[in-house]
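Reader: I've got a protein model open and I'm a bit lost. Can you show me how to read a sheet and the helices around it?

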Amino acid sequence: MRRLKRVLLGLLCLLAILILAFFIFLNSLTPNYEGEEELKHISNSVEVYFDTYGVPHIYADNEEDAIRTLGYVHAQDRLWQMELLRRAGSGRLSEIFGALTLETDKFFLSLGIDDHNDRALANLDRNHPSVVLANAYLDGINQFIEKGPTPVEFYLTGLKKQKFDLKDVYNAVAYMGFTFNKGARDIVNTNLLHVLDSSYTKELFENDPSQEIKIPVHRDTARTELAAIHKRIAQALIHLPIPEFHGSNSWVLAPEKTATGKVLFENDPHISQAQPSVWYEAHLVTPKYEKYGYYLAGVPFPLLSHDRTMAHGFTMLANDDTNFYYEEQHPTDTTLYRYKDDWQKFQYVTKTIQVKDVGPVAFQYKKTHRGPIVNSNYANRTRVEGERLVSMHWLFTQFENRLIQGLYGINHAKTMEEFSTSLPDIHAPGLNVMYGDAKGNIAWWGTAKLYRMPNSTSTKFILDGASGEDDPVEYLDFEHNPKTINPPWNYVYSANNQPDSTAGMYVPGYFANSSRRAGRIIDLMEGKNQGWTKDDMAQMANDITLRTATDFIVDCLKELYLKGLSAEQLAYLDEIKAWEGNFDLSSVGAVFFEKMEENIHINLFSDEFPSFEEYESYSVQLKLRKVFPNASSKWWDDVSTSNKKETKADVINRAFLDSWEQLSDELGSNWKNWTWDRVHYLEHDHPIGRVPSLKKYFTVGPFPSSGTSGTLNNQGFWTMDDGRYKVSSIPSTRRIIDFSDIENSISILPTGQSGNPLSKHYKDQAEMYINGRYRKMMMNEEEIVSTSEDVLTFIAKK
């Protein structure tokens, strides 16, 4: 018995030692926010004060020391995110995730990002300040890789850390550029022309930009293979372990409109929900330079930033910078394609992808002078009879990549004029650049490489590549891009809606429904001409009223057949009649709106397609708002019934009964419990959280979420199998700059500063974000020093 006790005691001691060792090991993986670290290549000591939310305030003698230090502290919080972002654009995710992301890697490699960036780097002026500072930033990252703790994700995936170089920076911004791209909808549109009679498609594709709410310009100075192509592109993107960029909001108010007589600035870029947060905040201070910025992982210059004199932000312009072309292959020589009167040779590109647990996988794709053939990744694939080859022309790879130089320029400008001279360097992705400054200037520029097409040529369908007649007629100089500077109405805004005409044309693109967010911004701006405050701006950014909802409800209710409805159903409709379009958590009307819109869409459109799956593949371009106002539209008739011609009223009544039945099944029989908080939720997904046993350690949430797709607090969602709505895209930050009190400007991140799940700043903003709260973007040195929780000093290593 004594021996048994000794054995048990020994085992308990061993277990205790193992547990202690495990916790010591875990603790060694956490970011270091205090003490001293040696850093090579800095000229003097650098002080980093981490505020309450882990934002580093970096004080250095010069900018090169500051940005080298930024690279180090950025890496200790976001190295895993940096790793994923550099791999996405260069087609190297399969080294981590195996065969799951093989098609994704093939797709991104076939875009030519990697090769395009090789050419850009070959012509780079290595002495340009943007390059010198970028290399200093990378040096900071690499010094952390050499001596800093390895993030837990590397252990879990078995990935070894590798140094970063300039090409990784270029690949990261190229990935960002592609995810702004909505051009694949051209393929959906073209396929719809094959699937449906023109009497159906005419209503969907009629487009008159002059009837949209436009961003005003003011200058004061073949069916089967097409479905397969779109499916291939969609599947290539579905397994991306990092978020895609979507739309955004921004508005900037001139002094005449504010209570303080100083500019107020708001920006909230909308990006797919993810963990860690997309942006990393940092404040750099030197005797000659100061900037508070929002950084992408592995990118040395902030995309969003402000200082004491100016602020800028971005939204997606949504211009069409990708076109698809039918290519005519030679009838007997498959290495040739026709362009005008000549037969030109396809270029064949061979790549090798390292796939985890599989090994090297070679593949080949072919390309024309426009870009890659997107029918298949394999150039030697057996051609399907009757298949027409389709090439992809993406403006990003057609012109020199100077995005890094552009970001450097706008972040080092001293005046609005200097700021604007760097904008032509941002040729793709197309962006709405929002601007405000301490002198009272406000401005908006549409930055992109715009082009003019031949008359009557629409870029929203696959174009004719063989004749050359659908090529752009000209590329416009930047001076012709739309812009608004200091307009007399005293505000500028963007909600990804159509810009007004410029250079005698409307910019082609896939713009947001202007009657929703854009219309709501204008309503609120015009409803209060003066006296706007920072609090007003914050309230507006969290606005959850859907501008078009009540009109839709009124239109539905007047078509309902009340006879035969139960007393419960009638009481429910009385509740809906009183609803004002607010998507707060207790709203019953919000659930009714989304469920009705969903079922009307299904009942209106799905019967025209051979299967429900095919209907779903086209749903992104089946716009309910195009058909709903027209009671005589051919779409209302259900073609699956032969003895009756259905009307708008029939479809709406069927949708109501479907909605009632579904909500009763999903949420119970008492309609008073059918509230928005029970169906609409936000969950910040981490790539490692896809493993069920690890989800609770990496994924943040879920949280019931107010707002919906199209409210200013924009919460796009996917409908899940259980009928609930999982938020898919969100404001990736909300930031408000007040030039009357710059040191008390405010912002918020969706989860936290750190991407390390062991950090105290991994999710310390998540509750604040979901509740619409803000925190200060600190710039006052005395306040920063006195309130910072942690101080990390970097000492020059000799």
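Reader: How many strands form the open sheet, and in what order?

Author: Keep in mind that this is a predicted model. Eleven strands make up the open sheet, and they line up as 1-30-2-3-6-7-8-9-16-17-21, with mixed pairing.

Reader: Which strands are the edge strands?

Author: Look for strands that pair on one side only: here they're strand 1 (35-40) and strand 21 (483-485). On average, neighbouring strands in this sheet are turned by 20° against each other, ignoring direction.

Reader: How do strand 6 and strand 7 run?

Author: Antiparallel: strand 6 (residues 280-285) is joined to strand 7 (residues 290-295) by six bridges.

Reader: Which strands does helix 2 touch?

Author: Helix 2 packs on the sheet and touches several strands, among them strand 1, strand 6 and strand 7, and its direction makes about 160° with that of strand 6. Helix 12 (residues 403-412) packs there too, against strand 7, strand 8 (304-306) and strand 9 (310-316).

Reader: And what describes two packed helices?

Author: You give the angle between their axes and the distance between the axes. Take helix 2 (residues 63-90) and helix 8 (residues 166-179): their axes come within 7 Å and cross at roughly 75°. Angles from 65 to 115 degrees count as roughly perpendicular, so that's what helix 2 and helix 8 are to each other.

Reader: Which residues meet there?

Author: In helix 2 they include Leu-85 and Arg-86, and in helix 8 they include Asp-168 and Tyr-175. The residues of this contact divide into four nonpolar, three polar and two charged.

Methods. Residues are numbered from 1 along each chain as its sequence is written. This is a predicted model: local features need pLDDT of at least 70, side-chain atom pairs count only at pLDDT 80 or more; totals for chains, interfaces and linings use all residues. Side-chain values use heavy atoms; hydrogens and water are left out. Axes are lines fitted to C-alpha atoms, for helices over the stretch in contact, and angles run from 0 to 180 degrees between N-to-C directions. Helices (H or I, at least four residues) and strands (E, at least two) are DSSP runs, numbered from the N terminus. Angles under 35 degrees count as roughly parallel, over 145 as roughly antiparallel, 65 to 115 as roughly perpendicular and the rest as oblique. Contact means heavy atoms within 4.5 Å. Ala, Val, Leu, Ile, Met, Phe, Trp, Tyr, Cys and Pro count as nonpolar, Asp, Glu, Lys and Arg as charged, and the others, Gly among them, as polar. Two strands pair if DSSP finds at least two bridges between them.
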